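Here is a short report for a first look at this structure. Keep the sequence and the 3D view at hand.

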Amino acid sequence: MNVTVMRLTARGLLGRRRALLLVILPALLLVLAALTRWASDASPSASSLLGSGFAMGTLLPLMCLLVATGVISAEIDDGSIVYMLAKPLKRRVILFSKLAVGLAAVIVFAVLPTMAAVAIAGDEGGQLTLAYGASAFFAAIAYTAIFVTLGIVSRNAVVFGLLYALLWENVLGGYVPGVRAVSVRQWAMSVGEQMLGSQAAEWSFTAEVGMATGLILLALTTAGAVYLGVRKLSTLTLSSVD
Amino acid sequence: MSTLQLTGVSRWYGDVVAVNDVTMTVGPGVTGLLGPNGAGKSTLISMMGGFLPPSAGTVTLDGAPVWRHTEAYRSIGLVPETEAMYDMVSGWEFVLANARLHGLADPVAAARAAVEQVDMMDAKDRDISGYSKGMKQRIKMATALVHDPAVLLLDEPFNGMDPRQRLHLMELLQALAAQGRTVLFSSHILEEVEEIAGTIEVVVAGRHAASGDFRRIRKLMTQRPHQYTIRSSDDRALAAAIIADGSADSVDVSSGSLAVQASDFGRFVEALPRLAQDGQVRLLEVTPADESLESVFAYLVAR
């Protein structure tokens with residue numbers, strides 16, 4: 001990894017106006033958490049619904065998409081990435097540096113707020129908070145890798161990312177049982193389900209796959225996305241049509 | 001001393017050919033890549049800078065291919081046409097970051113030398129987003145110069161510059177070439193190119209139309225047949241006199257006015273008023289038919 005790439009990337013991610021969204025969405029989640037606590041008297045079940053629904057289902061993929069496009073797509077779109085690419089640096093190093101910045105941002109702006117929201121909405125001895133923290137963390141790794149690569153491959157990364165996050169994970173997953181098992185969210189939830197043990201069912205913290213399967217699928221997906229990302233960044237063409 | 005070599009280079013996008021079988025050698029000194037807009041200059045520079053693979057042919061820097069060879073950037077400095085930089089940092093921070101990305105031993109000294117070279121020390125601590133177009137261009141230059149490259153590629157560097165900045169950049173490019181560097185810049189303005197480029201490569205519609213020093217190119221351009229449209233009190237009499245005199249290749253009165261094609265520009269310009277006076281014809285209007293750069297280029301291609 002390269003410190004200068006990371007610093008420039010971080011400045012680019014936080015220096016643009018849309019960085020405001022990175023604060024607004026988690027703030028919304030915390031407000032919802034407070035409302036949930038007030039409405040359902042701090043019950044862990046209600047808290048878990050908020051965690052698996054809005055936090056894991058909508059906020060996390062959206063934030064990963066925002067961050068991933070912020071660390072790479074914005075630079076590809078305006079052409080400024082040429083200053084990083086026209087250097088004697090391995091493209092792999094550039095990609096890993098950007099992934100690290102992206103993951104750090106997602107942890108700060110999505111994973112930690114998810115834990116805070118669950119803790120606020122209702123928990124018993126911090127179990128649910130930890131379970132959601134672990135699940136969100138694993139989901140964040142996979143989502144960030146997928147969306148960063150998507151940002152290199154396609155100039156319409158935001159559209160495809162939104163379609164995946166909202167349609168595939170939420171809508172289709174709700175109606176077609178088979179689709180539900182092919183989902184980063186479900187794979188990541190398997191970790192939390194295992195952590196909660198017998199409590200999981202009671203708090204309706206459920207995953208479609210077991211933890212071993214979930215972790216393997218997460219690892220394969222992440223590795224595949226990173227591999228493709230390095231390859232695509234190595235052959236990224238930049239040319240203005242003159 | 002470094003040499004860029006393009007051999008049989010073509011580039012197409014789908015079924016649109018942007019660059020068509022170009023072979024050229026770019027050596028030390030200033031080379032101007034001249035051509036009208038849309039001729040394929042940027043595509044060529046992208047391929048020279050390793051940001052676009054040629055569809056056919058090879059682009060090499062001192063024998064090694066540029067595409068997918070990031071080590072080549074140790075000796076290439078690139079000034080892209082796009083204006084976007086990392087606008088949220090200051091000019092100084094950005095040049096320094098570029099020095100660090102190059103892994104230079106003393107990035108601070110290198111960044112200072114580059115910023116001094118482009119005369120931006122006074123404004124270096126302001127954010128790039130607040131720079132004028134000319135200042136951005138100079139900071140872009142500094143990022144390209146920071147690692148002391150043997151080859152400098154500039155895509156339309158004079159766009160948006162005022163005359164003073166233009167002069168400053170011209171002097172800088174000439175100074176860099178005098179140090180033995182290979183400097184290539186693109187432009188669609190002949191005067192700009194001939195002022196500083198020792199060698200000119202003319203590209204039109206993706207094809208390499210002409211190559212050489214500016215005197216040769218200038219001669220090619222002025223020796224082409226000139227066309228004039230003339231309105232006079234008696235077109236037919238004037239046409240007869242011009243043809244009889246032999247100072248033009250052809251005359252045409254069919255379109256309602258008199259169209260003349262002359263290959264010897266100097267002789268025709270001298271003869272026309274004399275012939276009109278002798279034949280007692282009043283010249284009402286003499287218009288060169290196609291003096292646009294595009295038509296000059298088109299002639300070079302058709303040649």
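## Chain A and its partner

In chain A, residues 24 or more positions apart account for 80% of the contacts with a separation of 6 or more. Two residues are in contact if their C-beta atoms, placed from the backbone, lie within 7 Å. This is a predicted model: local features need pLDDT of at least 70, side-chain atom pairs count only at pLDDT 80 or more, and totals for chains, interfaces and linings use all residues. Residues are numbered from 1 along each chain as its sequence is written, while chains are lettered from A and ligands numbered from 1 in the order in which they are written.

Chain A has eleven helices and zero strands. Helices (H or I, at least four residues) and strands (E, at least two) are DSSP runs, numbered from the N terminus. The C-alpha trace of chain A spans about 60 × 35 × 30 Å along its principal axes. Buried residues make up 50% of its 242 residues; buried means that 20 or more other C-beta atoms, placed from the backbone, lie within 10 Å of a residue's own.

Chain B has two domains, with bounds from an automatic or database domain assignment.

| Domain of chain B | Residues |
|---|---|
| domain 1 | 4-221 |
| domain 2 | 223-302 |

Their C-alpha centres lie 41 Å apart.

Where do the chains meet? The contact takes 30 residues from chain B and 24 residues from chain A. On the chain B side, helix H1 (41-48) and helix H2 (91-101) are the elements that give two or more residues.

Notes: Buried ≥ 20, exposed ≤ 12 C-beta atoms within 10 Å, placed from the backbone.
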